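Me: Could you give me a close look at helix packing in this model? I'd like the cut-offs behind each term as you go.

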Amino acid sequence: MNNIHSLRFFWPESVLTVAVLAMLVQDLLVRRSPRRVGLLTIGALFWLALTALATWRTPWGNFPIFGGLLVHDPLRIFFAWLFLAAALLTVVIVPRSKEISSARLGEFFALLFALLLGMYLMASAADLLLIYLSIETVSLVSYVLTGFQRGRRRANEAALKYVIYGGVASGIMLYGISILYGLFGTTRVAGEGGIGAQLADVTSRLFLAHAFGGQPAAQLALVVAVVFLLAGVGYKIAAVPFHMWSPDVYEGAPTPFTAFLSVGPKAAGFAVAIRFFFAAFERQLPGGGYAQVGDLPWPAIIGIISAISMTLGNLTAIVQSNVKRLLAYSSIAHAGYLLMGLAAASTAGVQSILIYLIIYVLMNVGAFLVVIAVSRETGGEDIKDFRGLGTRAPIAALALVIFLFSLTGIPPFAGFIGKYLIFAAVVQRGGFWNVLLAVIGVLNSAISLFYYARLIKAMYLEEAIDQRPFRVPAVYTGVLVALAVPNSFLIFYWTPLVRWAAAAFGGSPSS
Amino acid sequence: MPFQFANVLIFSATAVLFVFGSLVAGRFLRPDAPNREKSMIYECGEKPIGQAWFNFNPRFYLIALVFVIFEVEIAFMFPVAAVYKSFIERGEGLLAFFEIALFVGILAVGLAYVWAMGDLEWVKGLKQDVLAQLREKQAAPPAEKKAA
């Protein structure tokens, strides 16, 4: 499909581009107004609503657009809604947090929309170059937002570390992309003549084998290239060998942005991973299932990364005393759980990832929101600042308990659905290694209960020095309740989630 | 097949040898007669004043950043201008014009923002919030000073 016709399916991104500019202009216009914060928030909500409308009105379909650079399919729309939800929560949270000064709120919103645009592109990129460019867009904006509080030493340190790790990761990823281009002579992942098509085509596989003096050499180059590419993706989702930035960045960034960073770009990273692996190394069967093409052991690579991420994330979280760092390691562990669904390399596995991501947005943003509410009042983010929260701010404390149990995956809460589906998908795939992976996952959930429970113990069983109750802003209480309710009651009726995930991935083969 | 890699090997070996070879050859072939004028740092023909190793004013960096953006803008617009006639011949003139206008428009918003935020001013005043912070500090001298 050529560029002009593709624009019809590019409305959400176009609206977002205008939104970035509009927020900058609005920032200039209302700079001296005393009602600046309210006006800017309304502006941001307006543009989010318009983006949502554009996303909703985009016709359903499954085909490449812009000559194969992007793919328009239900998966992309699914992720778009996920990103919109995360952005909406951030826009609602930011104005009342004390971490973003009101003078720079417009700038923050403009950058947030730029980040959202990059994530939209990540979710639909089907070309190696565009995958790289969209990841870079998201990364560059994230660096700036991490160091948003220019005067804070921690923020500057975090931003600098983020830039350095990010530079290395994207360099490695580019190297992987260049090897892939050398092997296949194209940057297209899906579609005619793309990497997937070439691997499926026996003659071109023979050509590959011959061009490199025998199958093993080509095979090795392919494995190396894919592992390098994984460095870029793993960096975005904070999976283990590429996770080093995340505790410092989570701690140094303004907390409302940390909340967004832990769900938005992570989900976008999974969108890239799912699209890349399933377009390049899997072939959809007429029945809707998938079969592997080529003999690259990618599920094994992902499985190993997953097991290490879970274990290392959970074990390191045990010794943390800063709650933001604790949640950072918990989010590394969650990247591990999510990767488990990808390692299953099946339709059910990907659908379980999608469902888990929805629930993850609900519970993780909620947990960070309580941290924001507490640090607003006590000025600290350590576990000791949470002491006596059960009497000081009962609703926030109860909400945090729900989010933490949900993150652990204890049955009455929503996190259980996600974990259950992921473990089920892995076990269903069968084989010794897959079952072992599931067992590691279950053991890790048990470990994670330990450090989540430490926080709960501090809230209810330990006494604070300052026992005065404090006020949580009404907006925060509203959002906390709105997030806690689905976390507690989703278990009774989660068919819509399953149906939605099934519509997003693994439906009928592309037309 | 492995012999194809010999091309690459010879190519890289030649590249490395050429660089070092020409430097070494030059060392022995050229006349060696340094004087004060010659060993001075070349700065557009001017006599250098002082060392080059000092802190540059960060104002240069801000202006340079804005400058680079607009230089890239020109680099993107020239090719379009060069082939614009062929766009018109294909009946896509208006489209190309609109695209490049959009591009310039986006950059113009950026310029307006930078301008209004005072980043183009060479002499910078202190921002109001910084002034307020300074006043607070003067009102209450820091505790660690007393300790010292």
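Reply: Happy to; here is a walk through the packing, followed by a few residues in their surroundings.

This is a predicted model, so local features are described only at pLDDT of at least 70 and side-chain atom pairs count only at pLDDT 80 or more, while totals for chains, interfaces and linings use all residues. Residues are numbered from 1 along each chain as its sequence is written, and chains are lettered from A, with ligands numbered from 1, in the order in which they are written.

Let's begin with chain B. It has six helices and zero strands, where helices are DSSP runs of H or I with at least four residues, strands are runs of E with at least two, and both are numbered from the N terminus. The order of elements in chain B is therefore simple to state, α-α-α-α-α-α from the N terminus on. Of its 148 residues, 0% count as buried; a residue is buried if 20 or more other C-beta atoms lie within 10 Å of its own, exposed if 12 or fewer, and partly exposed in between, with C-beta atoms placed from the backbone.

The helix to watch is α4(B), which covers residues 93–116. Its 24 residues reach 34 Å from first C-alpha to last, close to the 34 Å expected at 1.5 Å a residue (the expected span being 1.5 Å times one less than the number of residues). After the helix comes Gly118(B), with a positive phi near 80 degrees.

α4(B) packs against α2(A), residues 11–29, at an angle of about 25 degrees, with the axes 10 Å apart. Axes here are lines fitted to C-alpha atoms, for helices over the stretch in contact, and angles run from 0 to 180 degrees between N-to-C directions. That angle makes α2(A) roughly parallel to α4(B); under 35 degrees counts as roughly parallel, over 145 as roughly antiparallel, 65 to 115 as roughly perpendicular and the rest as oblique. The crossing is left-handed, meaning that the near helix is turned anticlockwise from the far one by less than a right angle, whereas clockwise would be right-handed.

Which residues of α2(A) meet α4(B)? They are Leu21(A), Leu24(A), Val25(A) and Leu28(A), and across from them in α4(B) are Ile106(B), Val109(B), Ala112(B), Tyr113(B) and Ala116(B). Contact here means C-beta atoms, placed from the backbone, within 7 Å. As background for such spacing, an α-helix has 3.6 residues a turn, so residues three or four places apart point the same way.

α18(A), residues 414–429, and α19(A), residues 432–460, pack at about 160 degrees with their axes 7 Å apart. That makes α18(A) roughly antiparallel to α19(A), and this crossing is left-handed too. On the α18(A) side are Lys419(A), Phe423(A), Val426(A), Val427(A) and Arg429(A); among their partners in α19(A) are Asn434(A), Leu437(A), Gly441(A) and Ser445(A).

Ser352(A) sits in helix α15 of chain A and counts as buried, with 30 C-beta neighbours inside 10 Å. Leaving aside residues up to four places away in sequence, Ser352(A) touches Gly341(A), Leu421(A), Ile422(A) and Ala425(A).

Two alanines have a positive phi. Ala238(A), near 60 degrees, lies in the loop between α10 and α11 of chain A and is buried, with 29 other C-beta atoms within 10 Å. Ala345(A), at about 50 degrees, is in the loop between α14 and α15 of chain A and is also buried, with 24 such atoms within 10 Å.

Notes: Two residues are in contact if their C-beta atoms, placed from the backbone, lie within 7 Å.
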